[in-house]
Amino acid sequence: MKTCILAASSAWLFLFVLAGTAGATNKSGEKFRADLTGDTEVPVPVVTDTSGDFRLAYDDFDGTATYRIRLNDGVRVFMAHIHCAPAGQNGPIVVWLAGSPGGTLAWDIDGKWVDNASFTDVDVIPGTGCGDNLAELIETLRNGGAYVNVHTRANPGGEIRGQIRPQ
């Protein structure tokens, strides 16, 4: 009798766990990257010694995207954003990543500029075409529809840029 009860309990527990995970689309820990160069700036490539990379980890469990920006030979860098557009096109800002938009601050950077920073739904600018919340923006990133742009005083329209793609 104890064996039948134990077997039935185990079967119910297995079905409960299976039902709980069957429809899940948990993408916690999903990672994205962009390699940043002047060659990909639009409409005209920028000849620069500056380069860099961007890394993003998405956690849909707590609704955050954690990121880092690393630059090599960055001179008078003053802001960085995620923009909404496919490769070869310019688009609107969808998330501010770093910087001083209207101020006079600028930094010479050789190494990590931003590390372990994060954003959530409230940081996503709606109406850009990349989604009105973080989950929708992540879907755009999966499809290559957004890029990171780093701006300097010498090239305020963008010094280096890279299309964000799954890692």
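Me: Which residues form one aromatic cluster?

Reply: A pair of aromatic rings is described by the distance of the centres and the angle of the planes. Rings of Phe, Tyr and Trp (its six-membered ring) pair if their centres lie within 6.5 Å; planes under 30 degrees apart are stacked, over 60 edge-to-face, and the rest tilted. In this predicted model, the cluster consists of Phe54, Tyr67 and Phe119. The model has 3 aromatic pairs by this rule. Phe54 and Tyr67 make a tilted pair, with 6.0 Å between centres and 35° between planes. Phe54 belongs to strand β2 (residues 51-59) and Tyr67 to strand β3 (residues 64-84), 13 residues apart. Strands here are DSSP runs of E with at least two residues, numbered from the N terminus.

Me: How is the pair of Tyr67 and Phe119 arranged?

Reply: Tyr67 and Phe119 are also tilted, at 5.8 Å centre to centre and 50° between the planes. Phe119 lies in strand β5 (residues 107-119), 52 residues from Tyr67.

Me: What should I know about the numbering and the values?

Reply: Residues are numbered from 1 along each chain as its sequence is written, and side-chain values use heavy atoms, without hydrogens and water. Local features need pLDDT of at least 70 and side-chain atom pairs 80 or more, whereas totals for chains, interfaces and linings use all residues.

Note on methods: Helix = DSSP H or I, 4+ residues; strand = E, 2+ residues; numbered from the N terminus.
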